[in-house]
Amino acid sequence: MPASIKPTEEQCAVLDMALRGGDLKVKAFAGAGKTSTLQLVAEQFASRRGVYLAFNRDIAASASRRFPRSVNARTVHSRAWGSVTPELKSRMKLEAEPPHALAARYGPGPVEVRSVTGKALEIAPFEIGRMIAEGLGRFCRSADRVPAAHHIVVDEKIDEALAAQLRAWLLPHVQRLWEESAAPRSRSAISPDVLLKLWAFSEPHIEADYILFDEAQDSDGVMLAILGQQRHAQIIYVGDPYQQIYEWRGAVNAMAQIDAPECALTESFRFGPRFAALASRLLLMLGERTPIRGQARIGSIMVADPSIAPPVDAILCRKNVTAIWQFAAGLEAGHRPAIRMSPAEILAYADGADQLIAGQRTFRPAAFSLFETWAEARAFSRTPFGQDLEPVVRIVDELGTDYLRALAQRSALKVQADYVISTVHRAKGLEWKRVRIANDFRMRGPDGSPMPEDDEIRLLYVAMTRAQHVLDISGLRDELVRIVTCSR
């Protein structure tokens, strides 16, 4: 056992269960020391061959530096890459077929649908090709043996009844693309997701006595299927089921699906009791009755008064457009903010807006893809369905697209930042001493119901548990009070 780590009672329970053999899942709340716990397990298993698997490349690289030499730390995709044939690897290096070329080759032309606001919309071939390619990706990330309609993601701006018809119409094309991708003699380009799916279908054998699977809540169905085939090895799954925020890419809540004895890590080493109490209230809305415990020795200050505005190290947003807005506001206030977004991503909004202003369709960013003019984008941003677009529409209308381009240039500068601006998805796994939460969360259901959906509560939980000492929730104060009151 590492001398630097003094295990808690909960960590000792995990060690005891692991030493008994058999698969194990560990439910670890935010900041509860899951990686340290896995490190303790690896030290106990020093004489055995271990494999550490992670969803994220940076997490795997960090683990490789922390774990003993007996543990091989990698991502699942890198293990697939090291195990497939040279022919498959060579196809990974080919340039992917553009969406409009894919649609042209398969034949489906433009299709007219209706939006949630009742307006007629035309889905262009580029968008159709993108939906087919993304449908293949969702299938490859699933445990399913064949593509199905539910793998096809339809823009949320499209009426749901027509979306179901659209999925059924596109399914044969997704199936054809999979057949082309999986054909042994095919020379077409393949994505990392296709590579992983083909590797899974080969029934791979991972050489290990035990496997540590970190961030299990973010795993795809195909990853769980691969691990389910490793009956020779003891598998220890670790994750926080309430940090599962990747449904949009086909992630499944592995913690609910794994059939194994369970241990829990409920004591967070990141923040104090006040933050733990708020996080516990959010988890209670999701049905979790075991509270998170904070550290009494850690001072944690909750800021709910918008007139105070304490200095922060990070501002966390739900959407990219809000992050851009916050970046602009920080620069206008004379600050030196940094944004966790590439200049190209910001430029895409400027270029897309310019095309719509000129009356031309655009397909990047995806948020603009179903509009034919800027007036349509502006009108949609003023509806309950389009509020996520409102910040970038305001920037374009009030300051112009050149202002967005200037923001992109500023985002590329490497300066000593006063604070960082990030979406919650990009902040996952990180922590800061002082965090402010932006007010762009959907605090009501899509139908106007008083309670937000579960995936929104999970996003809030992830955002609020990034803070160590100061948590500024003033922008959400009234809505948070309302939903906590409603949930009692």
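Helices and strands here are DSSP runs, numbered from the N terminus. The model is a predicted one.

## Backbone exceptions

E203 sits in the loop between α9 (192-201) and β6 (210-213). Its phi is near 55°, a positive value in a residue other than glycine. E203 counts as exposed, because its relative accessibility is 64%.

A309 belongs to the loop between β9 (301-303) and β10 (314-317). With a relative accessible area of 48%, A309 is partly exposed. A cis peptide bond joins R364 and P365, with omega about -5°. P365 is in the loop between α14 (343-357) and α15 (374-381).

## Two buried strand residues

T75 lies in strand β3, residues 71-75. At 11% relative accessibility, T75 is buried. Neighbours within four places in sequence set aside, T75 contacts L53, A54, N56, R57 and A60.

Q234 is placed in strand β7, residues 234-239. Its relative accessible area is 9%, so Q234 is buried. S307 is 73 residues from Q234 along the chain, and the two C-alpha atoms are separated by 54 Å.

## Salt bridges

Side chains of opposite charge can pair when their charged atoms come close. The count of salt bridges in this model comes to 38. One of them pairs the side chains of R49 and E207, at 3.4 Å from N to O. R49 is in the loop between α2 (34-44) and β2 (50-54), and E207 is in the loop between α9 and β6, so the bridge ties together parts 158 residues apart in sequence. R49 is partly exposed, with a relative accessible area of 43%. E207 is exposed, at 51%.

E267 and R293 also meet in a salt bridge, at 3.9 Å from N to O. This pair links distant parts of the chain: E267 is in the loop between β8 (262-265) and α12 (273-285), and R293 is in the loop between α12 and β9, 26 residues apart. E267 counts as buried at 18% relative accessibility, where the cut-off for buried is under 20%. R293 is partly exposed, with a relative accessible area of 38%.

## A bridge within a helix, and a network

R405 forms a salt bridge with D402, the closest N and O atoms being 3.5 Å apart. Both residues are in helix α17 (residues 401-411); they are 3 residues apart, so about one helical turn separates them. R405 is partly exposed at 25% relative accessibility. D402 is exposed, with a relative accessible area of 58%. Elsewhere, salt bridges that share partners join K34, D214, E215, D218 and K428 into one network.

D455 is found in helix α19, residues 454-464. The helix is largely enclosed by the rest of the structure, because 9 of its 11 residues are buried. The buried residues of α19 are E456, I457, R458, L459, L460, Y461, V462, A463 and M464.

D455 itself is partly exposed, at 32% relative accessibility. On the surface, D455 gathers with D447, E453 and D454 in a patch of negative charge.

Methods:
Residues numbered from 1 in each chain as written. Predicted model: local features only at pLDDT ≥ 70, side-chain atom pairs only at ≥ 80, totals over all residues. Heavy atoms only, no water. Patch = residues over 30% accessible without salt bridge, like charges linked within 9 Å, V, L, I, M, F, W, Y side chains within 5 Å. Areas by Shrake-Rupley, 256 points an atom, 1.4 Å probe, with all protein chains shown as cover. Salt bridge = Lys/Arg side-chain N within 4 Å of Asp/Glu carboxyl O. Lys, Arg positive; Asp, Glu negative; His and termini not counted. Charge placed at Lys NZ, Arg CZ, Asp CG, Glu CD. Helix = DSSP H or I, 4+ residues; strand = E, 2+ residues; numbered from the N terminus. Buried < 20%, exposed > 50% of the residue type's maximum accessible area, 1.4 Å probe, protein only. Contact = heavy atoms within 4.5 Å.
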